[in-house]
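Subject: Structure handover

Hello,

Here is the structure we talked about. Please look through it alongside the notes below.

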Amino acid sequence: MMQKKNLNIAIATISDSRTRANDRSGDILENRIKEDNHNCFSRSIIKDDMKKIENFFKACLENNLIDIIITTGGTGLTGRDSTPEVLNKIIEKDIPGFGEMFRQISFNKIGTSALQSRAMAGISKGKFFFSLPGSPSACIDAWDNILKFQLNINHKPCNLIELIPRLLEK
């Protein structure tokens, strides 16, 4: 059996109000990443500003050491929530199943309020991007029910990790 691949994962909390001291969602993601034997390559807090978010995504694309990018926050419906709009400019391929699965998990917990989630995922330049809502509960749901399995080389019948070497095929 193949050993689980340790991934370098960059985390960014997109928020106008979070600081390192009160970023519970970022703490949850960092802890779960480490518990599952991956590397928290970097952790940032970025204001909910389209240009700053785009600059973060572009810096991640240019860094050959980063495998996965996870953001939390900026996915709501208010005027300042802009993470999905920026991510849509960055990704080359959408992974619609991620958002669909996330909303189903949320629906089972919070009912129709799940429709407010714009969680999404995609691929660009051989890297996976996951954009999660900013609540600690949403980060737990996404990691514990989807990401921990899909980012584990031993998960069968298939997982995202085994696709990484083929993402740049033409």
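Phe 57 has a relative accessibility of 1%, so Phe 57 counts as buried (under 20% relative accessible area; exposed is over 50% and partly exposed lies in between, with a 1.4 Å probe and protein chains only). Phe 56 is buried as well, at 10%.

Before the rest, a note on the source: this is a predicted model, in which local features need pLDDT of at least 70 and side-chain atom pairs count only at pLDDT 80 or more, while totals for chains, interfaces and linings use all residues. Residues are numbered from 1 along each chain as its sequence is written, and side-chain values use heavy atoms, with hydrogens and water left out.

Aromatic pairs

The count is 4 aromatic pairs, where rings of Phe, Tyr and Trp (its six-membered ring) pair if their centres lie within 6.5 Å. Planes under 30 degrees apart count as stacked, over 60 as edge-to-face and the rest as tilted. Phe 56 and Phe 57 have ring centres 5.8 Å apart and planes at 50°, so this pair is tilted. Ring pairs also join Phe 56, Phe 57 and Phe 129 into a cluster.

Nonpolar cores

A nonpolar core here is a set of buried Ala, Val, Leu, Ile, Met, Phe, Trp, Tyr and Cys residues joined through side-chain atoms within 4.5 Å. The largest one has 30 residues, and those touching the most other members are Ile 9, Ile 68, Ile 70, Phe 98, Phe 128, Phe 130 and Leu 151. At least two residues of this core come from each of strands E1 (8-14), E3 (68-72), E5 (120-124) and E6 (127-132), and from each of helices H1 (24-35), H4 (96-110) and H5 (136-150). Helices (H or I, at least four residues) and strands (E, at least two) are DSSP runs numbered from the N terminus. H5 gives the most to this core, 6 residues. Another core, of 17 residues, lies apart from it and includes Ala 10, Ala 12, Ile 53 and Leu 87.

Two buried residues

Asp 23 sits in the loop between E1 and H1 and counts as buried because its relative accessibility is 0%. Beyond its neighbours within four places in sequence, Asp 23 is in contact (heavy atoms within 4.5 Å) with Thr 13, Arg 18, Arg 43 and Ile 45.

Ile 105 belongs to helix H4 and is buried at 17%. With neighbours within four places in sequence set aside, Ile 105 is in contact with Asp 141, Asn 145 and Ile 146. Ile 105 and Ile 146 are 41 residues apart along the chain, with 9.5 Å between their C-alpha atoms.

Pockets

On a 1 Å grid over the protein atoms alone, a pocket is an open set of points where a 1.4 Å probe fits, with protein on both sides within 12 Å along at least five of seven lines; lining residues have an atom within 4 Å of a point. A volume is the space filled by probe spheres set on the points, which are joined across faces, edges and corners.

The largest pocket holds about 380 Å³. Its lining has 27 residues, of which Thr 75, Pro 133, Gly 134, Ser 135 and Ala 138 are the closest to its centre. H4 gives the most to this lining, with 4 residues. By class, the lining has 7 nonpolar, 15 polar and 5 charged residues (Ala, Val, Leu, Ile, Met, Phe, Trp, Tyr, Cys and Pro count as nonpolar, Asp, Glu, Lys and Arg as charged, and the others, Gly among them, as polar).

The second largest pocket holds about 230 Å³. Its lining has 4 nonpolar, 1 polar and 6 charged residues, among them Glu 92, Lys 93, Arg 166 and Lys 170.

Regards
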